[in-house]
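Here are some exercises to work through with the model open beside you. Try each task before you read its solution.

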Amino acid sequence: MGALGTLRGQLDRLLYSGPGRALAAAVSDLAAVLVPVSCVVCGAPDQCLCGGCAARIRRGTLHPYFAQDGAGALPAEEPPEHPDPQSAPVAAGQEPAEAPFAPLHVLAAGVYAGGLAQTLLAFKNRGHTDLAGFLAPVLAGALQAAVLDAYQNRGVYPLVLVPVPGTSASLRKRGYVPLVLLLKRIQHHQLLPAGCTVSSLVSVSAGHGMGKKLPRVISGAARPGGAGGSGRSVPAGTQKGLGSSARRRNVRNTMTAGPPGALAGIDCLVLDDVLTTGATLAEAVRALRAAGATVRGAAVIAATPAPARNTVPIFPAVPGALPTGGGNGIGRRE
């Protein structure tokens, strides 16, 4: 394993060096001649994502927004550690009023529609790993926004960033894990929120796995107590095309983050690529909380459109991004 790790490090340095990038560009140009490519969005020749489409998608993802409203399977956010002292006292013999349900905060970089959806689908399902360089900063912006939200609302910082496991079926089909690929790119280019680490704390429950491990994605801190963390995949069975109830049943009790108390004292942010009903995120959150971790929120690249969702941008999360005026620009989002 040590020799393999050394080899991987040497390959990374080669691939990301100046000569390595120049060689990759030359190979890409040659491949474009031998095997013509076209934009995954508009079909323009010579590039997998043309400049015009890339610019439109980038503008639509500069301002991450709260996407939890409308995702009915999401769990509740963590209760406040210090109750509001101004709340009305409960009279003797009366039951305290139940607090309204507040779903876990989820920050999405953009809406899962148009160009962004087409780009994500090409990256995930059509082998376009060359789109990782474009999508990594998009996910990084959502991460920055979610971490800032946790700090502003709970004073919690830094956080452990925990990706949800991919499915066994998708691993066999693709040969790679899209979310892991993006996180490795984010780490390499130092786009993680300062002080935060990435760790695959959630793995498949016993009896649900296929026995094949996914790549570990760890930056910095080791998992306390050595609990779990194999990074193995969730059982086969895609969530695509399922309704909200079926999605919840499909992933219920399929994940673990170790025995009770294994992650006590750890503050987490859960990561996924697309938010639909929130069932997959909910299962990852359940596993983390069962192991004693505190989940402060989640971040995704895109969220499916929902009429009830609050899609007002909160702040520009990408360094150098400038506000574009009122509203979230959903009319311009792709």
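Before we start, helices (H or I, at least four residues) and strands (E, at least two) are DSSP runs, numbered from the N terminus. This is a predicted model, in which local features need pLDDT of at least 70 and side-chain atom pairs count only at pLDDT 80 or more, while totals for chains, interfaces and linings use all residues. Residues are numbered from 1 along each chain as its sequence is written, and side-chain values use heavy atoms, with hydrogens and water left out.

**Exercise 1: Positive phi values**

Task: What is phi of D46, and what is phi of Q190?

Solution: 
- Step 1. D46 has phi near 85°, a positive value in a residue other than glycine. This residue lies in the loop between α2 (18–34) and α3.
- Step 2. Q190 has phi near 55°, again a positive value in a residue other than glycine. You will find Q190 in the loop between α7 (178–188) and β4 (197–198).
- Step 3. Check the surface: D46 counts as exposed because its relative accessibility is 55%, and Q190 counts as exposed at 71%.

**Exercise 2: Helices packed on α5**

Task: How do α3 and α5 pack, and how do α4 and α5 pack?

Solution: 
- Step 1. Recall the description: two packed helices are described by the angle between their axes and the distance between the axes. Axes are lines fitted to C-alpha atoms, for helices over the stretch in contact, and angles run from 0 to 180 degrees between N-to-C directions.
- Step 2. Take α3 (residues 51–60): with α5 the angle is about 10° and the axes are 11 Å apart. That makes α3 roughly parallel to α5. Angles under 35 degrees count as roughly parallel, over 145 as roughly antiparallel, 65 to 115 as roughly perpendicular and the rest as oblique.
- Step 3. Take α4 (residues 114–125): with α5 the angle is about 120°, and the axes are 11 Å apart. α4 and α5 are therefore oblique to each other.

**Exercise 3: Salt bridges**

Task: How many salt bridges does the structure hold? Describe the ones formed by R289, D267 and E283.

Solution: 
- Step 1. Define the term: a salt bridge is a side-chain nitrogen of Lys or Arg within 4 Å of a carboxyl oxygen of Asp or Glu. The structure holds five.
- Step 2. R289 and E78 join their side chains in one of them (2.9 Å, N to O). This pair links distant parts of the chain, 211 residues apart: R289 is in helix α9 (residues 279–290) and E78 is in the loop between β1 (65–66) and β2 (106–111). R289 is partly exposed at 27% relative accessible area, whereas E78 is buried at 14%.
- Step 3. D267 and R296 also meet through their side chains (2.9 Å, N to O). D267 belongs to strand β7 (residues 267–275) and R296 to strand β8 (residues 294–303), 29 residues apart. R296 counts as buried at 12% relative accessibility.
- Step 4. E283 and R286 form a salt bridge too (2.7 Å, N to O). They are three residues apart in helix α9, so about one helical turn separates them. E283 is buried at 4% relative accessible area, while R286 is partly exposed at 31%.

Methods. Buried means under 20% relative accessible area, exposed over 50%, partly exposed in between (1.4 Å probe, protein chains only).
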